[in-house]
Amino acid sequence: MDRFDAMQAFVRVVETGSFTKAAETLRISKTSVTQQVQQLEARLRVRLLNRTTRRVNVTADGAAFYERALRLLADLDDAETSLSAAAALPRGRLRVDVPSPLARMILIPALPAFHARYPDIQLDMGVSDRRVDLIGENVDCVVRGGELTDQSLIARRVGDLSLGVYAAPRYLARAGVPGHPSELENSHHRVVGFLWGRTGKPTPYVMQRQHERIRVHGRYVLAVDDGNACLAAGLAGLGVLWLPHYMVKTHLANGELVPLLEDWHLDAMPLYLAFPPNRHVSAKLRVFIDWVVELMAQHAPVLDRRATVEG
């Protein structure tokens, strides 16, 4: 039995709550995971996990061993990194999940420079706006817009996305140009709804002008859960859009979209990079975080520098 492989299998079972999920994230068979954990229990002469037909629970001894195993695996990773070429050139597989518009318009176009700097890092990039189970899906980190609701994650604010209100000329020719946000609640106006992963429902937008503040819900004929689809719906004339400026600047320049209600203010959308508190920040994850921070400083810098503190 390789003790470190067995400890890694045990840690993954605890984190995912399932032998099957642990096997999937480790890319080995469920039988191998089961055997490694059984051999580890036999060596330690304690029961680490309680197994039923429906779930796996960690025992008191297992919980104590989990904390120590986690530290040992992290120390092993640090030792290998410091005593190999990886100290100067991080390597290995990194699993990340990012919003689709950010991937398409900012991150992926900049990746050639990242891979020129770190040629031995293999990125598995999930491109979505869905809510990701970082532990269960064995994801190293996610980048997400909006305030984070999961307070258990370690998060770093990497950017602030300026928001605006836009519509296609064909929509405005049909529905008219709104002069006040309240007009977007009228029966002849439509918005493109965005379904946030946290709730699965469209969220109202708060707009402010001097001392006047209004929450706009709007009516929609289409609501989507993907930023690129939201932009496509607006370009097709399906309604008024609230989007980050980086997504629309090209379409504003060529006249495909028109800015609306420019004397009204919307708070910038914070952009966070987050990872689990028990996930060791490896060299490859650290350089990826630093690269995202560097990249977003060019495209959407953090407006309040005090908000960059981790925690």
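In the predicted model, strand β14 (residues 269-275) runs antiparallel to β6, and seven bridges join the two. Helices (H or I, at least four residues) and strands (E, at least two) are runs assigned by DSSP and numbered from the N terminus, and two strands are taken to pair if DSSP finds at least two bridges between them. Within this pairing, D160 has P270 of β14 as its bridge partner. Helix α9 (residues 283-299) packs on the sheet, where it touches β3, β4, β5, β6 and β14; contact here means heavy atoms within 4.5 Å. The direction of α9 makes about 20° with that of β6. Such angles run from 0 to 180 degrees between N-to-C directions, with axes fitted as lines to C-alpha atoms, for helices over the stretch in contact.

The sheet is open and consists of five strands in the order β4-β3-β5-β14-β6, with mixed pairing. Its edge strands, β4 (121-127) and β6 (154-161), each pair on one side only. From one strand to the next, the twist averages 20°. Helix α5 (residues 100-117) lies across β3 (92-98), β4, β5 (141-145) and β14, and runs at about 170° to β4.

A search of the whole structure finds six aromatic pairs. Rings of Phe, Tyr and Trp (its six-membered ring) pair if their centres lie within 6.5 Å; planes under 30 degrees apart count as stacked, over 60 as edge-to-face and the rest as tilted. The pair formed by F10 and F65 is tilted, because the ring centres are 5.7 Å apart and the planes stand at 50°. F10 belongs to helix α1 (residues 3-16) and F65 to helix α4 (residues 60-82), so this pair ties together parts that are 55 residues apart in sequence. F10 is buried, with a relative accessible area of 0%, and F65 counts as buried at 18%. Buried means under 20% relative accessible area, exposed over 50%, and partly exposed in between (1.4 Å probe, protein chains only).

The rings of F114 and Y118 also form a tilted pair, because their centres are 5.2 Å apart and their planes lie at 55°. Both residues count as buried, F114 at 0% relative accessibility and Y118 at 13%. Together with F288 and W291, F114 and Y118 form one aromatic cluster.

Residues are numbered from 1 along each chain as its sequence is written, and side-chain values use heavy atoms, with hydrogens and water left out. As the model is predicted, local features need pLDDT of at least 70 and side-chain atom pairs count only at pLDDT 80 or more, whereas totals for chains, interfaces and linings use all residues.
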